[in-house]
Amino acid sequence: MKVVTGVVGNDIHVVANRLIDLSLRARGFEVFNLGVNTYLEEFFDAAVETGAEILLISSLNGEAEGWGREVKLLKAKYKDLDNLIMMIGGNLVVGHGNAEDIVPKYKNYGFDLVCHQVDLNTGLDSLEEFIQKRNRK
Amino acid sequence: MSQQNNKLLIDVGSTYFKVSTNDNIEQHFRDFNKDILDDLIHRCGDTIKRFDKDDVYICSSANGGLNTLIIGITKTYSLKYATNIAFNSGINIIDTILYQNIAEYSVPSDLVDVVIIVGGIDSCAGLFSDSLYSYLAKLSYSNIVFVGSEQDAPALKEQISNLVVLPNVIDNKLHIVEDYLKEYLTNLYQQDIEGKEDIKSLYDITANQIYPTPYIVNKALPEIDTRYSVVNPFILLDIGGATTDIHYSKDLVDENIVTKNEFDRLVFKKLGVFKSKQSLIFTAKNNEFVYELLMHLKVTENIFNEQSQKATKILMQLAIFLVLCKISHYRKAYINLKFLTINSFVLTGGITKVLTKEEIENIVAFFYKKILTSEHRPVVVLDSNYDIWTLGVKGD
């Protein structure tokens, strides 16, 4: 499956981005890595150009909170992205926060999978489970 | 004398032609009742006879360039990449269409020289459907090229007659691949010039390829400081009878992703002061600042109906203002130049024979004040003796 990934907003956490890239490839995904400092529109446009089924956004400095609010509005402008699996992971708030509060908030922003301060492999396990469940339907 | 100095250089514009030898430059208003070659021979026959065909170098902008319409599937990749390649090839972009909304776009009534369809990496398929074919059925165009996913190419080729298929401009890492489309567009431009009957006949006096003038001027820019005190970054305006060309240092744009040239160029096909005069006036009347500018120049809009030296001057001043608007945030065409960092404005072409340095500085100051609300004043340099063009032709 094709995955578009990258770090959203003004965030240069390139090591985490590289680890996500390598881990996805190790699991057999075809990865399109947009790198750091990526705008939301670039993620969606890349999904259209590549025909990706999954969009995995990472964030470490809390930028995601601001950008996340625009996801639904922007995605609604695209006519062919209804089936795109939307996943976000990393440190999703500025400072500290509880996953119980953060996960519902991001799901409300339009993400199917939200991994706040979750180990990378655990997060990718949950992605594969999500895909399996969806395929069964 | 070196062989280079023995060249005869000729530039055929839509309004004037220029003939340059080692020791002289002549400029003549064209006689439109005559074929270009006959006109040239009539005016400069003795000069032309002195040179072998191998030593005659000709460039032309008399055709006014090509225009293109680009249809792509995203703004960030396909449209951005194709747009960059097109304007780096000297092509005038009349519109870009985001494919998913194609039904909402109006169809241009004028003939489009080349339509570019782009979208998807090579492993992606099924991106285009009937909405594209319906749109194209309503559009008049001369050439059409597909530079998107190779998997979609056969389906498009089946539906669109005369479709040229080139390698994708987007590679599998979503990076730009410019070479194939750029070569195609440059060749089309070249063929367009060569295809003009008038231009074809010029091969009677030259054994060398006839190049588009903007290409020649662009080639001279890295060497411009050998002739003028020009400080980078700078822009160069070539305002002619049919078109206005802008050449600019790449430092002045953030968006440009094509890397091979140090200087880029844009060609505005309908912003000339002679052949495109009516189009220029139309554009002027749709600019909210133009009446204020006319007042600043102490004339009224009646000047548009006059045929005088003064009217030509005003039109040239308007052309400068309008073209600057087009590449600023005010009326962004495809780029937004960083005007506040420009150090020099260089002007070449017929404009240097009509306007003085002070008259040009006046317009530049008006533009900076009204559009950019800035007191910044780049240095204006006039290439009155066509040194830049000479430099470009000689360097070829």
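In which loop of chain B is B:Pro233 found? B:Pro233 is located in the loop between helix H7 (213-220) and strand S11 (234-239) of chain B. The model is predicted.

**Loop residues**

- The peptide bond that leads from B:Asn232 to B:Pro233 is cis, with omega near -5°.
- A:Asn37 is not a glycine, although it has a positive phi of about 55°.
- A:Asn37 sits in the loop between strand S2 (30-33) and H2 of chain A, and it is partly exposed, with 15 other C-beta atoms within 10 Å.
- B:Asn162 is likewise not a glycine and has a positive phi of about 65°.
- The loop between helix H4 (153-159) and strand S9 (163-165) of chain B holds B:Asn162.
- B:Asn162 counts as exposed because it has 10 C-beta neighbours inside 10 Å, and the limit for an exposed residue is 12 or fewer.

**Helix H6 of chain A**

- Helix H6 (residues 120-136) of chain A has 17 residues, which should span 24 Å at 1.5 Å a residue; its end C-alpha atoms are 25 Å apart, which agrees.
- A:Gly123, A:Leu124 and A:Leu127 are buried in H6(A).
- The buried residues of H6(A) fall within an arc of 95° seen down its axis, so they line one face of the helix.
- These buried residues pack against helix H1 (14-26), strand S4 (85-90) and strand S5 (113-116) of chain A.
- The face of H6(A) turned away from the buried side carries exposed residues, including A:Asn121, A:Glu129 and A:Arg136.

**Contact between the chains**

- Chain A contributes 10 residues to the contact and chain B contributes 13 residues.

Note on methods:
Residues are numbered from 1 along each chain as its sequence is written. Chains are lettered from A and ligands numbered from 1 in the order in which they are written. This is a predicted model: local features need pLDDT of at least 70, side-chain atom pairs count only at pLDDT 80 or more; totals for chains, interfaces and linings use all residues. Two residues are in contact if their C-beta atoms, placed from the backbone, lie within 7 Å. Helices (H or I, at least four residues) and strands (E, at least two) are DSSP runs, numbered from the N terminus. The expected span of a helix is 1.5 Å times one less than its number of residues. A residue is buried if 20 or more other C-beta atoms lie within 10 Å of its own, exposed if 12 or fewer, and partly exposed in between; C-beta atoms are placed from the backbone. The arc is that of the directions from the helix axis to the C-beta atoms.
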